[in-house]
Amino acid sequence: MAKEGAQRAEETEQMIEKEGGKEAAEGSAAGSLRAGDTKEMRAVVLSAFGGLNKLRVSKKAMPEPQEGELKIRVKACGLNFIDLMVRQGNIDNPPKTPLVPGFECSGIVEALGDSVKGFEIGDRVMAFVNYNAWAEVVCTPVEFVYKIPDDMSFSEAAAFPMNFVTAYMMLFEVANLREGMSVLVHSAGGGVGQAVAQLCSTIPNVTVFGTASSFKHEAIKDSVTHLFDRNADYVQEVKRISTDGVDIVLDCLCGENTGKGLSLLKPLGTYILYGSSNMVTGETKSFFSFAKSWWQVEKVNPIKLYEENKVIAGFSLLNLLFKQNRGGLIKGVMDKLLNLYNSKKIKPVVDSLWALEEV
């Protein structure tokens with residue numbers, strides 16, 4: 001099965017690159033004509049919150065760009081943990097179903113809305129999308145779109161924005177990572193975890209502690225300084241190596257790990273919650289696992305934070321982009337990340353590739 005999956009991934013990658021090269025070569029002359037040729041497109045539709053049986057590939061009306069938007073022919077889209085939470089309805093104020101999931105994609109600019117500047121039809125781009133990324137075509141505001149470096153593939157570009165922007169913002173904008181610091185990151189084998197490890201390697205003498213499922217250790221052991229099984233007593237393991245604890249804790253698990261993370265912080269350390277994956281167990285939403293996870297969250301005492309000189313923070317990239325209108329801030333971060341990519345200091349990791357029908 002592993003061999004078959006690898007072959008299928010390779011075939012899909014070749015398909016993406018072949019289609020991308022073909023459309024880019026057609027250039028702007030064909031681009032403006034194609035925009036009106038097809039009135040329908042395929043998209044992955046979530047009919048209701050729940051299990052995998054709620055997802056299907058369906059025909060939908062082709063979107064057209066409004067003022068300030070770009071129309072993108074999608075070549076690859078990202079599948080992140082937040083998409084699993086959306087599928088189960090485990091997010092604040094979820095939109096009504098049916099909906100098209102997905103928050104990031106890469107592709108080719110097919111049409112420009114009024115007042116759009118800085119892009120041309122045929123440009124290779126990656127973008128944030130407020131839902132609707134799992135489709136053949138998306139429209140999104142120009143402030144959420146970025147040009148892809150020449151040597152970055154479409155699949156790499158689809159895996160780049162959410163993971164690396166989240167990691168960068170937490171490390172440098174919230175926690176102020178500096179030389180000689182130490183970081184504990186959960187789910188070190190995930191997209192954000194791998195981005196965190198790569199970004200930490202750009203700063204001298206940063207120690208990275210990571211937790212991950214044991215079957216992922218072989219693949220990520222070289223990117224993390226100290227790697228622990230996610231089910232082991234990592235608190236004691238970290239304290240054995242660093243008696244004072246760590247400077248930064250990045251927690252995507254929540255539940256009992258919140259208290260453990262705070263206990264590991266050095267004075268002036270920063271704990272950042274950026275997810276709650278312990279609340280998603282199995283294929284469908286479980287009220288009992290959800291309640292148990294919240295019950296295990298240690299109540300934060302502000303006086304204790306004051307006495308121990310600790311910082312607790314939260315980070316949600318999607319809220320920052322789509323609810324708090326900080327697209328300009330994210331643009332600056334993306335510029336820095338693309339400079340790091342062009343300097344070959346970071347590189348997105350693509351776990352696997354699947355055709356739309358295999359979602």
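Modeller: Lys 347, at 44% relative accessibility, is partly exposed. This is a predicted model: local features need pLDDT of at least 70, side-chain atom pairs count only at pLDDT 80 or more, and totals for chains, interfaces and linings use all residues. Residues are numbered from 1 along each chain as its sequence is written, and side-chain values use heavy atoms, with hydrogens and water left out.

Colleague: What does Lys 347 form a salt bridge with?

Modeller: Glu 156, with the closest N and O atoms 2.6 Å apart. A salt bridge here is a side-chain nitrogen of Lys or Arg within 4 Å of a carboxyl oxygen of Asp or Glu. Glu 156 sits in helix α3 (residues 154–158) and Lys 347 in the segment after α12, so the pair ties together parts 191 residues apart in sequence. Helices (H or I, at least four residues) and strands (E, at least two) are DSSP runs, numbered from the N terminus.

Colleague: And Glu 156, buried or exposed?

Modeller: Buried, at 11% relative accessibility.

Colleague: How many salt bridges does the structure hold?

Modeller: It holds 12. Glu 64, Lys 71, Arg 73 and Glu 110 are linked in a network of them. Arg 73 and Glu 110 meet at 3.0 Å, N to O. That pair links distant parts of the chain: Arg 73 is in strand β3 (residues 69–77) and Glu 110 in strand β4 (residues 104–112), 37 residues apart. Glu 64 pairs with Lys 71 at 3.1 Å between the closest N and O atoms.

Colleague: Switching to cysteines. How many disulfides are there?

Modeller: Zero, from a search of the whole structure. A disulfide would be a pair of cysteine sulfur atoms within 2.5 Å. For Cys 105, the closest cysteine sulfur is in Cys 77, 7.3 Å away and too far for a bond. Cys 105 is buried at 1% relative accessibility.

Colleague: What does Asn 163 touch?

Modeller: Asn 80, Gly 191, Val 192 and Ala 195, not counting residues up to four places away in sequence. Contact means heavy atoms within 4.5 Å. A polar atom of the Asn 163 side chain lies 3.5 Å from the backbone nitrogen of Val 192. Asn 163 lies in helix α4 (residues 161–174) and is buried, with a relative accessible area of 10%.

Colleague: Where do the buried residues of α8 pack?

Modeller: Against β8 (182–185), α7 (234–241), β11 (246–251), β12 (265–273) and β13 (311–314). The helix covers residues 256–264, and its buried residues include Asn 257, Gly 261 and Leu 264.

Colleague: Big picture, what does the secondary structure come to?

Modeller: The chain has 12 helices and 13 strands. Of its 359 residues, 50% count as buried. Among contacts with a separation of 6 or more, 70% are between residues 24 or more positions apart.

Colleague: Last one: where is Gly 50 found?

Modeller: In the loop between β1 (40–46) and β2 (55–61). Gly 50 is buried, with a relative accessible area of 11%. Its C-alpha is 9.6 Å from that of Leu 84, 34 residues apart along the chain.

Notes. Buried < 20%, exposed > 50% of the residue type's maximum accessible area, 1.4 Å probe, protein only. Polar contact = N/O pair within 3.5 Å; in protein donor to acceptor, adjacent residues only side chain to side chain.
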